Each structure stands twice: as C-alpha cells, then as structure tokens.
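This briefing describes selected local features of a predicted model. The points below are grouped by topic and are meant to be followed alongside the coordinates.

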Amino acid sequence: MSTKQPDWTPTPQAVENSRITDFARFASPRAGRDLGGDYHALWAWSVDDVNGFWAAVWDYFRLPERPAGPALAAEALPGGVWFPGSTLNYTAEVFRDRTGTDTAVITVTEDTGPVAITWRELRRQVASLAQALTELGVRMGDRVVGYLPNGVQAVVAFLATAGLGATWAVCGQDYTAAAAEARLAQLRPAVLIAATGCLHGGKHIDRRADVQALRDALPTLTATIAVGDAAGAVPGALPWSALIERDAELAPVPVPFDHPLWVVFSSGTTGRPKGIVHGHGGVVLEQLKNLGLHLGLRSGDRLLWHTTPSWMMWNVLVAGLLLGATPVCYEGSPAHPGTDALWRLAARLEVNVLGTSPGYLAACRKAGVRLADHHPASLERLGVTGSAFPADLQHWVAGELGSRTQVVCTSGGTDVVTAFLGAAPTTPVWAGELSAPCLGVAVEAFGPDGRPVRGEVGELVVLRPMPSMPLYFWDDPDGSRYRGAYFDVYPGVWRHGDWITITDHGSVILHGRSDATLNRHGIRMGSSDIYGPVEQLEEIAEALVVGVEQDGGGYWMPLFVTTTDGIDVDAVLSEKIRDAIRHGASPRHVPDEIIQAPGIPHTRTGKKLEVPVKRLLRGEAQRSVVDPGSVDRPELIDWYACVGVAHRRRDGTAAGSVASRSPNG
C-alpha cells in the first residue's frame, strides 16, 4: 500500500457539515446501506446503481416532479435515454424561489467594478430580453449566438435564450471574427448579440470591425443586438440597453430533458471546431452535482473562476446560479496590473471558491507572490484545471494557503462540460494527484488489452452513460463524427484520450493526452511528467515536449522551452534541464534535444498544442494540421514547421535555435 501522505485532509467537523455528507445520508436508505463518511463507497454506489444515484440527485435538489420509472431508461454508449417524459427548463431552475434583493451576479473588469446585480433585477432583464427576442421572431429550437466578453450581458443573453427553448452559443472576444465565424456560422443563427469592444492587459480592444465582419458571415441573421458604449456605431443593430428596459413577465418554457440547451465547441486545432450539443436536463443535473456536492457551493456563496465565454468553465461559472450562488464575471488578465491581481480581487470580494490554472499559479510562484498575503478568509476551495498540475507547484500552493483551503485539481472536458476526475470536501488531497473519480462517472484505466489496470498507466475510459454526455454533434446527421470521437477504439466505451494511473488509495494521476503519448522504446510516458520538473526551474517560463515517429523506426523526442528574462539556453542550462528531468521523472524521460523556442502555442483556452506540433514536425501540411484562428499565437506555426524541415534535412539542430543533444539521459 502507498505510504504517501496527503497535503490536505478534511477535519471530522468539515466532513460532518458538508453538503456531500448530507446527500449521502439522504441517499443511504435508497442504497440500503450507510454511505456517509466514505467517499469511495458513495462513488461505488453512484456508478453501480446509475438509476438510483441520478434519481437521488434529482430529488435531493428538488427538481420538478419526474415521471415514475428508471432515470436511465435505455443504457447505451452512445445513446443513453434519461428521464423520458420529464420536462424542465434551465432558466426556470435558476430563478426558482429567487426574486429578492440578494446579489445574483457580480461583474468586474480591469478598470471598472465590481458591479452587482440583484436577483430581482437579473430576472427583470432576462424577461425583458426574452420578450424582445420573441418579438424578433426567435422560437423554440432557433439559435441565438453571442460574441461577448465575460460580463452580466452574456449571462442575461444566455438565460433569455434558454428560457425560450432556443439554443445558445457564444465566443469570447479573445477570438477574432474569423475564429468566431468558424464556430458560430455552423449553427445558422437567427440573432447575434455582440459587444463592440473589451479590455485585456490594460488595453481596450475595439471589436466593431470584427462585429461587422461576423455579421456579414452569418447570412441567416434576422437581427443584431449591439452591447457597449459604441453600440450606435454598428449600422442597423439594435441597442442592448433598449431591449432590457421593459418590465415583462418571465415565463420559461418547459422542455424535454434532452432538449438542446447550448452548443459548445472543441478547440478546432486540427480542423473545423466540433459543435457539441448538450441538453437542459443533463446540464442541470450534472452541474447541481458538480458544484453542489463536489465544490460544496451553497446559496449566497461567491464563485470566481477566471475564464472567457469561449471556454467550458464559463458554462460552469454561470451554473453557480442553479444553486443560488453568485458568479463573479471577471473580464481581463488575471495578472494585470500585477501578477497578484486575481488574488487581490478574490480577497476584495470575499469569494468562497476561486478557480484558475496551473500556469497562473506557476507565474505567481516565479513572481514571488505570497498567496498567504492575499488569502481571503472566506476561501474554502481553490479549483485548478486546464492543464497538468505539477506536484511541486501544488505543494507550494498548499503550503501558502494552509489547512483551511482545499486545493481541488480537476480534469474533464468540453465534451461533457464537467469533470471526470476531481475531489470533494470529504476527500484528502495528494500533491500531483486528483483525489478521486467524480460521482456518477464510471472511470477506469484500460491497459493495452482493453482491460482495467491499477497502479500503471492506462487510457481514461468511462464505462457507463453520464447525463451530460453530448446529445449529438452539430451537422453530424448519422452520428459518425460523434462515434469516431469517443467510441472508435473501444465500442460501447467512452475513450477520452488521456493517460491516467489509478493509485492504490483511489486517487488518479493524469499523465497527459494519449494521442500525444511519448512512447520511447515501447515505454509509454506522459508529457506532464516532464513539464513538472522543467517548469519549476526559475530560468524556464514554459516547456513543450513531443515524440515524433520517424521513417525506419526512429523516434525523435525534442523538448521546446521558453525562458525568463531573455536567458539563453546554453550548455549549462541544458544540462540543468536534463538533470531536473532525470531526477524528477526518470532517465528515459530525458529528451533527445532541448530547443529554445520563441513561444509555446496554445489553444484559446490555454492548452498546449502537443498533437499539432508533433504533426508539424513530421512534415504534414500546415493547413491540414491546425487552424490559425484557434491558436493564441498563430505566428508560431511557421516556426515549428521550419524546425521540422530543418531536422529532417540535417537530422539535428534547427537553424536559428539553441539546441543540445542528449543520448537519452
């Protein structure tokens, strides 16, 4: 058995008073045994008795009366049928029993705010906009899309759309018009709601030209609604301010459980972004479980997750309203005007749950930010997601925050708009590990023979349906793209594309994407095992590693690094990097080359482009590998393609870079 000690352990009082323990007591009679106090017993029941668990979630959170019968009427992957005959509406659930003067949403930008809006005012604005959309001809099943920053307007627009039974989709203004078009044009929308500008890193970004270009690219539009002080500069657009002025009655339309709620999009790095359609019922159930049980949110709590509307975490942030919690919508850089900006905001607003990325936390450590100096007394949990969370960085964060704040590392996907792996208020936390599979998620690690393994690296798979799995992909009438995305390797089993290890104490170690697997000499390795020791070096800002199969059976594993303060990667630093990997991971993890790069490319949601870079290095055509509009720094694509050309020509150092060869450690 493992002797590794957790970084954080809940107190008996915290376990007893947690919402998840209250739920376990509620569910115990249904399970026929005591589920309280043992998370893994509760999880085992949740995946063994799928019907009982999800019916209990429905009843515990007092959703509308449901028809008699099983929660999962037809179990199939894909194609599970949930709660047939039931009706509900996401917007109705948000406003159920909430009409008062308590704060519903807080909006903050880099130069304004916080601005609070009450539940009463939020309801009024949503009702007013819903009436306006109806007058514009929007009907059930139509699409309303947004090109908006992370503010209350995006929340109001989404809730008004959902209340009508129309389908919502949004791109943040970190996307250009072309990138937004690649996503939103697929939906053939009826109405576009767009802001004329946004703020990031101290700079006001004028998006009026982008709004006009996006309008021109959406021929199905019957109306455009312009948000912002420059709304009058968008010819023919209706001003937002005029459409939220009326006093109207909010009357959300009950819809079937699987009625389309929103379309979220894959990163689109390797082709046209996939439009992933989720339903009202699945999202409501999943987010009540995720936010209510795993993050412990209660009515009146404040949730600040740094995100943009382009990323699924915006959908999760807004879902805090389902629990009566207050989302804090922050538009801007988490590190402006200083690296500690997000922490200062969290302390100022006394948030209960703060969400961020490993990259931001690493930047805080390198900048010498003392988290303890900005630690809100209210902060119960720090959520961390978006990329692998190195153990040493997690140790540092846990040490800074102390025992009163749980560091919750999660991993999930836009595909299900939730987490597969995470933690709960009742689970210990081990640095470098995710505490447990989430409730209702039948996670396993499959070995090479397609059977579950423990204590070794395997494919992350899900064996039973989840209610928030996609209804379908947009423009995929025969379901072939959907099946090919998740079910082509193991029929009837969801394969997510991550390497994981399930430990002997029930936690999960995430190693990176399985489609970017490092497979040197037949040994599978995860990229995150390399990033951890490298990115903790003070000279290194960021790293990216790929493994490239070569003709004749060869294998090339370069490590690309960016440095801090203009430092050059010389022989001394190269050896320091290799030594850190050798001791922090293993000798076999040491790369063949260390190459100084002008930057590391990411998706717009911050994930490193491991697979596209690998394909570029192999010599595949750029246009077939990556859509520049989906990349945060598209100018880097040419540079990596040139590195691949140089390597194939010389079998060595790329021209213009500093590289150091290593004989596999």
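Strands β27 and β28 (residues 508–513) run antiparallel and are joined by five bridges. Within this pairing, D498 stands opposite R513 in β28.

**Strand β27 and its partners**

- Strand β27 spans residues 494–502 and is mostly covered, with nine of its nine residues buried.
- Strand β25 (residues 458–462) also runs antiparallel to β27, and four bridges join the two.
- The residue of β27 that stands opposite G458 is I500.
- The hairpin of β27 and β28 has five residues between the strands, and G506 takes a positive phi there, near 90°.
- In general, strands of a sheet pair through backbone hydrogen bonds, in either a parallel or an antiparallel manner.

**The sheet β21-β22-β23**

- Three strands form an open sheet in the order β21-β22-β23, and their pairing is antiparallel.
- Its edge strands are β21 (411–413) and β23 (436–437), each of which pairs on one side only.
- Three bridges connect β21 with β22 (residues 418–422), the two strands running antiparallel.
- T418 in β22 is the bridge partner of G413.
- V417 is located in the loop between β21 and β22.
- The phi of V417 is positive, near 45°, in a residue other than glycine.
- V417 has a relative accessible area of 1% and is therefore buried.

**Helix α4**

- Helix α4 (residues 50–60) is largely enclosed by the rest of the structure, because nine of its 11 residues are buried.
- The buried residues of α4 are V50, G52, F53, W54, A55, A56, V57, W58 and Y60.
- The elements that cover these buried residues include the helices α2 (19–31), α3 (39–48) and α11 (280–294), together with the strands β1 (72–74) and β2 (81–82).
- R62 follows α4 and has a positive phi, near 55°.

**Helix pair α8 and α9**

- The axes of α8 (residues 177–184) and α9 (residues 208–216) come within 9 Å and cross at roughly 30°.
- Helix α8 is therefore roughly parallel to α9, since angles under 35 degrees count as roughly parallel.
- The crossing of α8 and α9 is right-handed.
- A177, A180, E181 and L184 of α8 make the contact with D210, A213 and L214 of α9.
- By class, the contact of α8 with α9 comprises five nonpolar, no polar and two charged residues.
- An α-helix has 3.6 residues a turn, so residues three or four places apart point the same way.

**Helix pair α13 and α14**

- Helices α13 (residues 341–349) and α14 (residues 358–366) have axes that come within 10 Å and cross at roughly 100°.
- Helix α13 is therefore roughly perpendicular to α14, since angles from 65 to 115 degrees fall in that class.
- On the α13 side A341, L342 and W343 take part, and they meet Y360, L361 and C364 in α14.
- The contact of α13 with α14 consists of six nonpolar, no polar and no charged residues.

- S333 lies in the loop between β17 (326–331) and α13.
- With a relative accessible area of 12%, S333 is buried, since buried means under 20%.
- Leaving aside residues up to four places away in sequence, S333 touches E110, H200, G201 and H306.

**Backbone geometry in loops**

- Most residues other than glycine have a negative phi, and most peptide bonds are trans.
- L77 and P78 are joined by a cis peptide bond, with omega about -5°.
- P78 is found in the loop between β1 and β2.
- A cis peptide bond also runs from G113 to P114, with omega near 0°.
- The loop that holds P114 lies between β4 (103–109) and β5 (115–118).
- D565, a residue other than glycine, has a positive phi near 55°.
- The loop between β34 (558–563) and α18 (571–584) contains D565.
- D565 is exposed, with a relative accessible area of 78%, whereas V417 is buried.

Key
Residues numbered from 1 in each chain as written. Predicted model: local features only at pLDDT ≥ 70, side-chain atom pairs only at ≥ 80, totals over all residues. Heavy atoms only, no water. Axes fitted to C-alpha atoms, helices over the stretch in contact; angles between N-to-C directions. Parallel < 35°, antiparallel > 145°, perpendicular 65-115°, else oblique. Left-handed = near helix turned anticlockwise from the far one by under 90°. Contact = heavy atoms within 4.5 Å. Nonpolar A, V, L, I, M, F, W, Y, C, P; charged D, E, K, R; others polar. Buried < 20%, exposed > 50% of the residue type's maximum accessible area, 1.4 Å probe, protein only. Pairing = 2+ DSSP bridges.
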